Amino acid sequence: MEELCGLLQLLSCRLPYIPFFFFLLGTRSAAGRNSIDFAELRRAGRSSGNLAMNSIQNPARGSETSGSEDFNVGDKDAVVIVDHGSRRQESNLVLNDFVEMFRARTGYKIVEPAHMELAEPTIKDAFGKCVQQGASRVIVSPYFLSPGRHWKQDIPALAAEASKELSNIPYIVTAPLGLHELMVDIMNDRIKYCLQHAAGNVDECTVCAGTGKCRLYS
């Protein structure tokens, strides 16, 4: 799972001060492309066994890309963004940067980082900080790509333990990032940038800086 978190960090490497999802939503015109119309998106073919997110709103369950006004994050809600955690401190600091970007972009008052294991703050630590700031509900958002064992078992168990120690504060564990058509744009952007760097046209991204890893091997 540490490799999975490393991929997420790579997704953020070129634009360290702009959340990658929100950047693509708001600034695609900078690359000469039209803004995304989510009503235009369709399911990807099933032949590969993968299914891209269907952004056509199902009236029975609401949109996956924009929520109803009735379900907005309120002033008494806290968001805890959880990654796997790493023994490498530089990797853990990436989550702090993302939390700052997320807080600034969304305007949510209470947003805290947490690591599932190997590093602090823990999920329990983050819950405590949220309660100290006046939260009455905690929204745990996994900073993971796929819905694996950590999402299905480990994070819910840790969240339940944290809630129990804080007078059973209500909480929810949301879906991980999963498949999303914007991921295609993000990955393609990273590929093109790394190729530009390998050709000597641009500097290393912030994640690769000083490592010398972003180069062609033969």
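I started with Ser167, which sits in the loop between α5 (149–164) and β4 (171–173). This is a predicted model, so I am reading computed values throughout. Phi of Ser167 comes out near 60°, a positive value in a residue other than glycine. I then checked its cover: Ser167 has 69% relative accessibility, so it counts as exposed, given that exposed means over 50%.

Next stop was the loop between β2 and α4, where I found Leu118. Phi of Leu118 is near 75°, again positive in a residue other than glycine. Is Leu118 buried, partly exposed or exposed? Its relative accessibility is 39%, so I put Leu118 down as partly exposed.

I stayed in that loop, between β2 (110–115) and α4 (123–132), for Pro121. The peptide bond from Glu120 to Pro121 is cis, and I noted an omega near 5°.

Which residues make the nonpolar patch? I listed Met187, Ile191, Leu195 and Leu216, and the patch they make is about 430 Å². Leu195 has 51% relative accessibility, so it counts as exposed; the cut-off is over 50%.

Notes:
Residues are numbered from 1 along each chain as its sequence is written. This is a predicted model: local features need pLDDT of at least 70, side-chain atom pairs count only at pLDDT 80 or more; totals for chains, interfaces and linings use all residues. Side-chain values use heavy atoms; hydrogens and water are left out. Patches are made of residues with over 30% relative accessible area and no salt bridge: like charges are joined within 9 Å, nonpolar side chains (Val, Leu, Ile, Met, Phe, Trp, Tyr) within 5 Å. Accessible areas come from the Shrake-Rupley method with a 1.4 Å probe; for residues, only the protein chains shown count as cover. A salt bridge is a side-chain nitrogen of Lys or Arg within 4 Å of a carboxyl oxygen of Asp or Glu. Buried means under 20% relative accessible area, exposed over 50%, partly exposed in between (1.4 Å probe, protein chains only). Helices (H or I, at least four residues) and strands (E, at least two) are DSSP runs, numbered from the N terminus.
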